[in-house]
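Dear colleague,

Please find below the structure that I am handing over to you. My findings follow it.

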Amino acid sequence: MATRHVRQAIVISCEHGGNAVPARYRSLFAAHRAALESHRGYDRGALAMARELAAAFAAPLATTTTTRLLIDTNRSVGHPQLYSGVTRGVNAVLRKELLDQHYLPHRGRVEGLVMRAIAKGQAALHLSCHSFTARFDGVERTADVGLLYDPARGKEAALCAAWQRQLRILAPALRVRRNYPYLGKTDGFTTWFRRRHPGGVYLGIELELNQATMVSARARTRRAQIIEALARALAER
């Protein structure tokens, strides 16, 4: 795949790339194997998307493959879902250990990449890659791709509108929705960054893939279409 050249400094992250449990904590998960293998344990397909985006745009990539059921690196400290039902009840010393060893290092890596771009006088475009289960609480999700952003940030909104438009041209069968199945302005890593940096120097987009339709035999082709559509959207700016 040819490397894409863009004016922004792109930073790619994947907060829920795997469901690994370090040996020290395995006893906690003895009765939770099914949860580890489900959408609650990790974002299936998100890591492949993140890696291909990074390769296509020659962008730095920060990922974590430790299960989100230990500690969720996409949640802010103090959020009720920072720790899962498995780890919420452990003692304070162990919770701090999870924070120090499995949360702060990933957040720090991404923050360092964003700050490096800003220090160079560039705008940082942070693409945080995730995926979602096709059915949640008995309700079918009606999108293959979700583009999450803060509507109050004009540059984020414009980029996602252009990205959606290009995907409709390149892959008209794909259902692409903005701020679905979640709202881009709710708690998350990109929201945390927005509180610290104005829209002129930081753009945060969460890319969400439907696990049923985007993690399949045609997934590689679809990921390539997402990348090409983004390249075209960026070229419009």
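A charge sits over a ring if NZ of Lys or CZ of Arg is within 6 Å of the ring centre and within 35 degrees of the ring normal. The charged end of Arg177 meets this rule over the ring of Tyr180, 3.8 Å from its centre. Likewise, the charged end of Arg107 sits over the ring of Trp192, at 5.2 Å from the centre.

The model is predicted, so local features need pLDDT of at least 70 and side-chain atom pairs count only at pLDDT 80 or more, while totals for chains, interfaces and linings use all residues. Residues are numbered from 1 along each chain as its sequence is written, and side-chain values use heavy atoms, with hydrogens and water left out.

Trp192 also belongs to an aromatic cluster with Phe189, Phe193 and Tyr202. Rings of Phe, Tyr and Trp (its six-membered ring) pair if their centres lie within 6.5 Å; planes under 30 degrees apart are stacked, over 60 edge-to-face, and the rest tilted. There are four aromatic pairs by this rule. In one of them, Phe189 and Trp192 are tilted, with 6.0 Å between centres and 50° between planes.

Buried means under 20% relative accessible area, exposed over 50%, and partly exposed in between (1.4 Å probe, protein chains only). Phe189 is buried because its relative accessibility is 0%, and Trp192 is buried because its relative accessible area is 15%.

A nonpolar core is a set of buried Ala, Val, Leu, Ile, Met, Phe, Trp, Tyr and Cys residues joined through side-chain atoms within 4.5 Å. The largest has 39 residues, of which Leu53, Phe57 and Trp163 touch the most other members.

Yours sincerely
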